[in-house]
Amino acid sequence: ILSQILLAPISYLVRAMTGGTVEVEARGSGSEVRVTIAGTPVACPPPPAGWLARELLASQGGRLRCDAGADTLAVDMTMPLRRTRVLIVDDNEDLVYLYRRCLTGSRYNMASLSQGSTIFEEIEAIRPDVIVLDLMLPDVDGWQLLAELHEHPASRDIPLIVCSVVREEDLALALGATTYLPKPVQCHQLIAALDQTMLMRAAAGDRRAIGR
């Protein structure tokens with residue numbers, strides 16, 4: 001949806017121009033981001049009220065405004081920023097503290113569990129976008145939990161990052177993990193794994209949309 005929202009004004013401007021430039025500027029502030037896409041020289045009216053990009057943006061809680069000058073057209077879009085919810089399942093308090101420090105100030109909003117037996121209740125409560133799972137848990141078999149998460153209707157569409165000292169990447173991926181991250185973990189590795197996993201999820205969503 002975001003790709004289409006951004007592509008629509010760029011395509012609209014390019015089709016109306018025989019030359020010139022299109023400039024894109026993005027600015028984040030608090031809970032929203034403002035994107036301005038401007039073209040010059042442009043000799044065309046602003047997009048119509050029922051423009052698809054406007055409707056898509058509104059469906060995501062955003063706003064769109066067009067400013068037309070003598071030979072310039074600017075499309076100004078304001079979009080809410082939604083933080084990605086991460087559920088950490090790990091009984092190592094020091095590591096959970098490290099995770100929290102790593103993700104402070106990032107796009108990721110973290111919740112944590114020290115046991116696996118209540119994970120489905122937590123999934124129902126917070127609806128995480130991604131789960132980071134340790135395999136060495138005090139109350140359940142981590143391998144079995146991984147397989148259950150991959151198969152359960154409430155969690156099978158949630159990407160899973162296995163983060164463990166157990167060096168069994170192939171097995172983790174075979175049982176449903178999206179990404180494998182070996183311990184010990186540094187902040188940049190955790191964020192890179194989350195970024196990669198969310199990109200893979202977005203790409204999978206695009207493929208499903210195309211299939212429909």
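Q: Is Cys102 buried or exposed?
A: Buried means under 20% relative accessible area, exposed over 50%, and partly exposed in between, with a 1.4 Å probe and protein chains only. Cys102 is buried, at a relative accessible area of 8%, whereas Cys187 is partly exposed at 31%. This is a predicted model, in which local features need pLDDT of at least 70 and side-chain atom pairs count only at pLDDT 80 or more, while totals for chains, interfaces and linings use all residues. Residues are numbered from 1 along each chain as its sequence is written, and side-chain values use heavy atoms, with hydrogens and water left out.

Q: Which cysteines form a disulfide?
A: A disulfide is a covalent bond between the sulfur atoms of two cysteines; the criterion here is a pair of cysteine sulfur atoms within 2.5 Å. Cys102 and Cys187 form one, with their sulfur atoms 2.0 Å apart, and the link is left-handed, at -75° about the S-S bond. Cys102 lies in helix H3 (residues 93-103) and Cys187 in helix H7 (residues 187-211), so the pair ties together parts that are 85 residues apart in sequence; helices here are DSSP runs (H or I, at least four residues), numbered from the N terminus.

Q: How far is the sulfur of Cys44 from the closest cysteine sulfur?
A: That distance is 9.5 Å, to Cys66, again too far for a bond, and Cys44 is partly exposed at 22% relative accessibility.

Definitions and conventions. Helix = DSSP H or I, 4+ residues; strand = E, 2+ residues; numbered from the N terminus.
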